[in-house]
Amino acid sequence: MTNAGKLLYAKRSALMLGVALIVAGCEEGKGPKFDFLKKRPSAEASSSADAGAAVTAGERDVEAPEVFSANEDALWDGRPSLGGVWVAYPGIKDPERVIIRNESNGKFVIGALFRRERDNPGPKLQMSSDAAGELGMLAGQPVKVSVVALRKEAIVVEPDVPLPAPGDAIDATLPPATDIEASTLDPVEAASAAIDRAADPAPAAAAPAPAPKPAAPKPQQTSSLSKPFIQIGIFSVKSNADNTATSLRGVGVLPIVKEQTSQGKKFYRVLVGPAGTSGERATLLKKVKGLGFNDAYFVTN
């Protein structure tokens, strides 16, 4: 018997079986039913831990006058200086990052604060040539400036939705489930549909998409030092920072140029490192100071 003949024979047998069931049900005074009941289960109350918790979105610079603050005359002697934007002041123990403002024209710049080595007559604040250029200062003319230390502060984003008070229940109960009415299916149609489904070939399963290849981990340099980097200088002009980095590469020192923003002003830091040991760091510092960067100092990052 061919496949078509077998299929026709199966459908005819199912039809005869359905008629027999209908007759038997009518004799008992019952209608044949095939009930397919589906009931949606009710969801239990749930709560989300740490919902709406505050998150840290980054860092920003804030003024720290308790660390250092000066508001007095400053002077640029007219000579070009290395190290980018900086100001020197007597009695400074450790280098600091500061914001320098020209009180007469409102211009400001981010730079470094160092200890002044020589106590020459005149204003205590000594400006570098780059700092004087950014602030609009003329050689040999004292200008009143404000110098304030900067510190990093974490930016915390508060949640939009208020958190529930401790002990308050979170109402996450879904609406009550509704029963789906039982449906009556004719036995002959059910048997015929089952045979049709069995005769149809099953659809081929779609091939799973290839999993993306994990990105290769970036090599990380480690150091046991708290300040493994050496800061060469802070520059307000990118080309000056790039030129300094180029001169360092020429003598075998690999620099890093980091672009940063503070108080709406961009500046560029030139760093070298990280050094793995204190001996390596001391050798590197001696080398960069030998190139004329006498104000280079150790930094964390």
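Reader: Which residue just after H5 takes a positive phi of about 110°?

Author: The structure is a predicted model, in which local features need pLDDT of at least 70, side-chain atom pairs count only at pLDDT 80 or more, and totals for chains, interfaces and linings use all residues. Residues are numbered from 1 along each chain as its sequence is written, and side-chain values use heavy atoms, with hydrogens and water left out. Helices (DSSP runs of H or I, at least four residues) and strands (runs of E, at least two) are numbered from the N terminus. Just after H5, the residue with a phi of about 110° is Gly 292.

Reader: How many helices and strands are there in the protein?

Author: The chain as a whole has 301 residues, of which 28% count as buried (under 20% relative accessible area, with exposed over 50% and partly exposed in between, for a 1.4 Å probe and protein chains only). Its secondary structure consists of five helices and eleven strands.

Reader: Among contacts between residues at least 6 apart in sequence, what share joins residues at least 24 apart?

Author: Contact here means heavy atoms within 4.5 Å. Among the contacts in the protein between residues at least 6 apart in sequence, the share that joins residues at least 24 apart is 80%.

Reader: How far apart are the end C-alpha atoms of helix H5?

Author: Helix H5 runs over residues 278-290, which makes 13 residues. The expected span of a helix is 1.5 Å times one less than its number of residues. For H5 this gives 18 Å, and the model agrees, because its end C-alpha atoms are separated by 18 Å.

Reader: Within what arc do the buried residues of H5 fall?

Author: The residues of H5 that are buried are Arg 281, Leu 284, Leu 285 and Val 288. They line one face of the helix, because, seen down the axis (by the directions from the helix axis to the C-beta atoms), they fall within an arc of 100°.

Reader: Which residues on the other side of H5 are exposed?

Author: The buried residues of H5 are covered by elements including strand S8 (229-235), helix H4 (238-249), strand S10 (265-272) and S11. On the other side of this helix, the exposed residues are Thr 283, Lys 286 and Gly 290.

Reader: Against which elements do the buried residues of H4 pack?

Author: With twelve residues, H4 should span 16 Å at 1.5 Å a residue, and its end C-alpha atoms are 17 Å apart, which agrees. The residues buried in H4 are Ala 241, Thr 244, Ala 245 and Leu 248. Seen down the axis of H4, these residues fall within an arc of 100°, so they line one face of the helix. The elements against which they pack are S8, S9, S10 and H5.

Reader: Why do residues three or four places apart in an α-helix point the same way?

Author: The buried residues of H4, for instance, include Ala 241, Thr 244 and Leu 248. Residues three or four places apart point the same way because the number of residues a turn in an α-helix is 3.6.

Reader: What is the omega of the peptide bond from Gly 273 to Pro 274?

Author: Pro 274 is placed in the loop between S10 and H5. The peptide bond that joins Gly 273 to Pro 274 is cis, and its omega is near 5°.

Reader: Is Gln 263 buried or partly exposed, and with what relative accessible area?

Author: Gln 263 belongs to the loop between S9 and S10. Its phi is positive, near 55°, in a residue other than glycine. Gln 263 is partly exposed, because its relative accessible area is 35%.

Reader: What distance separates the C-alpha atoms of Thr 261 and Ile 110?

Author: Thr 261 lies in strand S9. Leaving out residues up to four places away in sequence, Thr 261 touches Asp 61, Lys 266 and Phe 267. Thr 261 and Ile 110 are 151 residues apart along the chain, yet the distance between their C-alpha atoms is 8.9 Å.

Reader: With which residues is Ser 129 in contact, leaving aside its neighbours within four places in sequence?

Author: Ser 129 lies in helix H2, which covers residues 129-135. Ser 129 counts as buried because its relative accessibility is 15%. Apart from neighbours within four places in sequence, the residues in contact with Ser 129 are Trp 76, Arg 79, Pro 80 and Ser 81.
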